[in-house]
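Open your viewer and get ready to select as you read. Each stop names what to pick and what you will find there.

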Amino acid sequence: MLIIDHERCTLCKLCIRSCPFGAFFVEENLLQVNESCTLCGTCTNVCRFNALHIERKLASSEELAKYKGVMVWIELDDAADLPKPKKVSLELLGKGHQLANDLGEELIAVVLTDSEAVDLQTPGHYGADRVILCRHDLLKTYSTDGFTSVLCAVISSNKPAVVLYGATPHGRDLAPRVAARLKLGLTADCTGLEIDEKRQLVQTRPAFGGNIMASIITPYNRPQTSTVRPNVFPIPALDDKHQAVVENFTVTLTKAAIRTRVVEKNYIEEGCEESIENARVLVAAGRGCQKASNLELLRTLACQLGGGLAGSRAIVEQGWIPHTQQVGQSGTTVGPELYIAAGISGAIQHQVGMSSSKTIIAVNKDPEAAIFKLADLGVVGDAQEILPKLSKLIEQDVQK
Amino acid sequence: MKIVVCIKQVPEVTNVQVDPETGTLIREGVKSILNPFCEYALDHAVRLEQEFDDVSISVISMGPPQAKDALLRCLELGADEGILVTDRKFAGADSWVTALTLAEAIRLTVPDYDLILVGKQAIDGDTAQVGPEIAEILSLPQITYGIEVGLSSTRKQVRVKQEVERGYEVVEASLPALVTCSKGEVVRRAPSFLDVLNARKKPMRSVSADDLRIPAEELGLKGSFTQVVKVFPPPGKKCGRLLQNLETDQAAAEIFNFLKEKRFIE
């Protein structure tokens, strides 16, 4: 229930302009709210006078059963000319489709954009039954306030049972904000999602740096929300006969509601390196690389194999490579076809970020290094000596 | 100007072992440390204190009584006061209840805060959720993954260089605001003997459940929206070929042949 503190309310009407459902009106010089209110919480955040509060009660099981369907936030890759869904969003559609089938309910994709030319076919081809399109000029680039407000409106009016987000920087910024606004449970970095016999979502995730797995449920409120790291679930098969119904969602958003401004952008774009998240081959450097100049040799090897250079937290914190190339729990989760670990001991935090790589080669001086337990091929020795030799062999092979 | 830094004491997870029989964590003998990302948040706060006049830093932590050690470490590193939010009723809190409890404790103890800094995530739970959830509960603008935290000359705005997927962005917000922090280029000064002595003279407050305006059923395990139903060891890992005692040339040739065999080299 929305509670209006009339003593604090100055009738500035910012809430009226911000409400996605047009639920506010003024009567006898007092702010009032009608039954269109979905408790999406946009107004409580824009109010500068702390005059609006939402009281939420724990729902009964009958009320919980009213929440239906699996919703996936489709994060768009804005680096492309035409905004298209990120790889992780497709992975989520695959998992979401399974969950929706188990529940016998629909899979809903939500797209937030300013673009007229956004790709709305792909979510359908990957299993979505319905695409909710939220289009507004202020959704051109990601903002916490803008995206939270719109997504909360979509969730509170559609009432899905499950909402999934990619655990990307934006996903991890957005999901807890939405969860706190709607008072929802949220489980981060799930590696397993299943529906149990009570039709609840069972979320499995690593904890304590990956030393232990925990299965988590959200028994008292809906939707149940989770973030999932990229490269954890496979991309489903494309079915271009499967079409989704596209539905427009009316967005009300004001500039005043967005309280952050991006004043400078500085993107890293390097030669043969694409983002490590999507790379087919990665050569990853660890503490064993001793100095920054040694990385060039590894970069050469990576380029020869058609891949990119990555690294552990140790060398990112040394400032030898940018954070965008960090693999592990506090960096990116990768899943390349080939992962070559050079001088990486394989702390569990690192393993969490790369263990789903298809083929792993490890070179390390320490025969006891944990990384060898994961490797398809382990070589005990100095990566700085062995890998440049390998580069030479490849070079000679190409010339033949 | 008042800065609040939220910190967490965590087990040093690199040394955590799992009991193979019960599948639970062996906590005995595991050292507790100040979460590294919380320490980075404090580094950013200390830098602001050095750059601007009249800045005070309060560090706040929710945890068992021994979390006081982590607060003390922050006082040694330059914070001005410690606030320990501790009560048996807080035990078992998920990220939502933790955020609710901390937000309420901040309202109570430092109601006139300007800036809240937190680590981007804790190395035990790794959820990265508590920061944004505190920001939402307090209706603050948030900026995540900050590596440089600066203030405008009027001190009305915070300006943050943040890590994004493709590089960096610089983002501004009006104060009060919340920033989650990663490691920046701040040089940390190791505490001197005098810092260690002085830290013990700095004020340390304690907040219990009775001090907060939150009903008991909304605290700790009872108030949590998520419930852990099962813990188990991670699935077994594959173990491939391990080659030892090879000459460098031989080792390179072995890897080369492996790559050929797997068709990574055509």
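Start with chain A of this predicted model, and colour it by its domain assignment: domain 1 covers 2-54, domain 2 covers 61-257 and domain 3 covers 281-399.

Which residues are the closest to its centre? Select A:Cys9, A:Cys12, A:Cys15, A:Leu31 and A:Cys47, which are the closest of the 14 residues in the lining. Then highlight helix 1 (residues 14-18) of chain A, which gives the largest share of that lining, three residues.

**Between the chains**

Now for charged pairs: the whole structure has 31 salt bridges over all chains. Pick B:Glu165 and A:Lys86, whose closest N and O atoms are 2.2 Å apart in a salt bridge. B:Glu165 sits in the loop between strand 10 (157-164) and strand 11 (167-174) of chain B, and A:Lys86 in the loop between strand 7 (84-85) and helix 4 (87-103) of chain A, so this pair joins two chains. Switch to a surface view here: B:Glu165 is partly exposed at 30% relative accessible area, while A:Lys86 is buried at 12%.

Stay with charged side chains and select A:Arg261, A:Glu264, B:Arg159 and B:Glu172, which are linked in a network of salt bridges.

**Within chain B**

Move on to B:Glu81 and B:Arg205, a salt bridge with its closest N and O atoms 3.1 Å apart. B:Glu81 belongs to strand 7 (residues 81-85) of chain B and B:Arg205 to strand 13 (residues 204-207) of chain B, so the pair ties together parts 124 residues apart in sequence.

Then select B:Glu104 and B:Arg213, another salt bridge, with 2.9 Å between the closest N and O atoms. Here helix 3 (residues 95-109) of chain B is tied to the loop between strand 13 and helix 6 (220-223) of chain B, parts that are 109 residues apart in sequence. Are the two partners buried or exposed? B:Glu104 is buried, with a relative accessible area of 8%, whereas B:Arg213 counts as exposed at 67%.

**Last stop: the surface**

Finish with B:Phe193, B:Leu194 and B:Leu197, a nonpolar surface patch with about 340 Å² of accessible area together. B:Phe193 lies in helix 5 (residues 193-199) of chain B and is exposed, at 65% relative accessible area.

Key:
Residues are numbered from 1 along each chain as its sequence is written. Chains are lettered from A and ligands numbered from 1 in the order in which they are written. This is a predicted model: local features need pLDDT of at least 70, side-chain atom pairs count only at pLDDT 80 or more; totals for chains, interfaces and linings use all residues. Side-chain values use heavy atoms; hydrogens and water are left out. Domain bounds come from an automatic or database domain assignment. Patches are made of residues with over 30% relative accessible area and no salt bridge: like charges are joined within 9 Å, nonpolar side chains (Val, Leu, Ile, Met, Phe, Trp, Tyr) within 5 Å. Accessible areas come from the Shrake-Rupley method with a 1.4 Å probe; for residues, only the protein chains shown count as cover. A salt bridge is a side-chain nitrogen of Lys or Arg within 4 Å of a carboxyl oxygen of Asp or Glu. Helices (H or I, at least four residues) and strands (E, at least two) are DSSP runs, numbered from the N terminus. Buried means under 20% relative accessible area, exposed over 50%, partly exposed in between (1.4 Å probe, protein chains only). On a 1 Å grid over the protein atoms alone, a cavity is a set of points where a 1.4 Å probe fits but cannot get out, and a pocket is an open set with protein on both sides within 12 Å along at least five of seven lines; lining residues have an atom within 4 Å of a point.
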